[in-house]
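This briefing is meant for a reader who is meeting the structure for the first time. It begins with the chain as a whole and then turns to single elements and residues.

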Amino acid sequence: MLVTMIVLSVVLIVVLTAVFKVHPFLSLLAGAFFVGITSGMPLLTVVENVNEGFGGLMKGIGLVIVAGTIIGVILEKSGAAYRMAEVVLRLIGEKRPQLAMSIIGYIVSIPVFCDSGFIILSSLKKALAKRAKVAIASMAVALATGLYATHTLVPPTPGPIAAAGNIGAEGFLGTIILIGLIVAIPAVVVGYLWAVKVGTKISVPEDDEENNGLDYDEIVKSFGQMPSTFKAFLPIVLPIVLIGIGSVAKLTMAESGFRNFLQFLGSPTVALLFGVLAAFLLLPKLNEETLTKWIGEGLKEAAPILLITGAGGAFGKVISNSGVADLIGGMNFDALAGGAFFLLVPFFIAAALKTAQGSSTAALVITSTLVAPLLPAMGIEGAIPLALVVMAVGAGAMTVSHVNDSFFWVVTEFSGMKVTDAYKAQTMATLLQGVTTIVVTMILWMILV
C-alpha cells in the first residue's frame, strides 16, 4: 500500500504539472502532503517533515544555486558568453562549424541555462551558417545538443546540484563536476553527429535567402566591447578548480590547518562565491544597473529553481520518513546485483517524468528524491558511485525534449524549423543523447566501482 501511495503521488505530480499546468513547486508540495497523509503519518509530523525537508536542502545547496545563476546572468549580459563562443570558433575553425557550435554549447551551458544560451547565441549561429554555407537547422541542433548535455549533467547547473543534494552527495560536487564533464562528451558527440546527418537535410526559410543581413564579422562587432578571454572563462574555471583542490586535499592530505583552509576554499558555497567575485571583473561599470539590476535578475532566475528544489527536498523527507526505507531494506535486490543495472532504475524514472511533464530540472529533482531511499539498501555510497547515480538521473532527464519542453520551442522558433522537422532533429537527438549517456554511465560504473 505504501509503494502504491508513492506511485500515486508521482502520478499526481505529473498530472498537476502536465495536464493542469500547475507550477512544479506546488505540485511537489501536493505530492509531499499526499504521501504523508495517506501513509498514516500524524498530521503535525507531516508538516514538520515538509518544513525540515525544504529547509534542510536549502541549507546544503541554496547559496550554490543562487551564486550559479548570478554568474550565468553576468556572463550573458557582459558579452562573456559571446567571447567564449568566439574563442572556440577561432580554435576549431570555420571548416567544422557544427563541431564548433557543439563545443560552444558544451561550455556555455555549464553556468548559463540552455534556453538562454541558445537565444543569446542564435544570431552568431545563423551568421556562421551563412558564412560556412551549411544548413541553419544543423547548426541549431549542434548548438542545442551541446547546451543540453552539460545542462543536465554538470554542476553548477541547478538540476544536477539538486539531484546531488537529494541523494546526499552535495559534499562530492568536485567529483560530480569531473565525471559530468567526461560523461557529457559522448552526449555532445552524438548530438553533433545527428546534427550533421539529419540537420543538413532540413531546410528552413532563411536557408533560401541570399542575404539576411547576417554577416559573421558584423555580428561579432555588434556584441560591443567584449571582455578578454581570461576574464570570460574565469568565473567558470575558478570555482571548478577550487572545488577540485578541496576534494584532492580531503583525500590526500592529513588533518591540518592548511588542509582545512583548502577544504574551506573548495566548499561549493565558497567556490561559487569566488566565481561571483570573478564575474564582477566582467561588469562594464560598477553602478546600480549592474550591481543591483543584473544581480537582481540572477536572484529572480534562482527563485523558481530554489522553490522547486526545496519542494523536492520536502517530498523526499516525507517519503524517507514514511516507512519506505524499512520496506526497501527488506527487499531482495539480487536481480540488480552488480550495481550498473541499478542505474537503469533512475534513468527510466527520470525519462518517464521528463517525457511526461517537460522540465528536466523537475525530472532531476523528483527522480533523485524517489531513488534516495534505495541507495543505502543497495550499498551505494561514496563519491564516484553517487556521482554516477546523478549521471543516470541526468541521462533520463534529457530523454526526450518535445512539445511540452520550453527548450524544444526555443530551438524550433529561433531556428525556423517546422515542428515535424524539430521532432526528427531535436527530439530524436535528445533520445540518442539520453541512451548514450546511460550506456556510458553504466560502463564507467563497471570500470570505476
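The protein chain exposes about 18,000 Å², and carbon and sulfur atoms supply 67% of that area. The model is a predicted one, and buried residues make up 58% of the 449 residues in the chain.

**Overall build**
- The protein chain has 21 helices and zero strands. Its radius of gyration is 22 Å, close to the 22 Å that the globule rule gives for 449 residues, so the chain is as compact as a globular protein of that length.
- Along its principal axes, the C-alpha trace of the protein chain spans about 70 × 55 × 45 Å.
- Of the contacts between residues at least 6 apart in sequence, 81% join residues that are at least 24 apart.
- The protein chain carries 25 positive and 26 negative side chains, and the centres of these two sets lie 6 Å apart.

- Helix α8 covers residues 136-153, and at 1.5 Å a residue its 18 residues should span 26 Å, which agrees with the 26 Å between its end C-alpha atoms.
- This helix, α8, is mostly covered, with 18 of its 18 residues buried.
- Pro 156 lies in the loop between α8 and α9 (158-166), and the peptide bond that leads from Pro 155 to Pro 156 is cis, with omega near 10°.

- Thr 17 is found in helix α1 (residues 2-19), and it counts as buried because its relative accessibility is 11%, under the 20% cut-off.
- Leaving aside residues up to four places away in sequence, Thr 17 touches Val 22, His 23, Pro 24, Ser 27 and Gln 357.
- Lys 21 is in the loop between α1 and α2 (24-38), where it has a positive phi of about 60° although it is not a glycine; with a relative accessible area of 64%, Lys 21 is exposed.

- Lys 126 is found in helix α7 (residues 122-132) and is buried, with a relative accessible area of 13%.
- The C-alpha atoms of Lys 126 and Val 237, which are 111 residues apart along the chain, are separated by 28 Å.
- Lys 133 lies in the loop between α7 and α8 and has a positive phi of about 55° although it is not a glycine; at 75% relative accessibility, Lys 133 counts as exposed.

Note on methods:
Residues are numbered from 1 along each chain as its sequence is written. This is a predicted model: local features need pLDDT of at least 70, side-chain atom pairs count only at pLDDT 80 or more; totals for chains, interfaces and linings use all residues. Side-chain values use heavy atoms; hydrogens and water are left out. Helices (H or I, at least four residues) and strands (E, at least two) are DSSP runs, numbered from the N terminus. The expected span of a helix is 1.5 Å times one less than its number of residues. Buried means under 20% relative accessible area, exposed over 50%, partly exposed in between (1.4 Å probe, protein chains only). The radius of gyration is taken over C-alpha atoms; the globule rule is 2.2 Å times the number of residues to the power 0.38. Contact means heavy atoms within 4.5 Å. Accessible areas come from the Shrake-Rupley method with a 1.4 Å probe; for residues, only the protein chains shown count as cover. Lys and Arg count as positive and Asp and Glu as negative; His and the chain ends are not counted. The place of a charge is taken as NZ of Lys, CZ of Arg, CG of Asp or CD of Glu.
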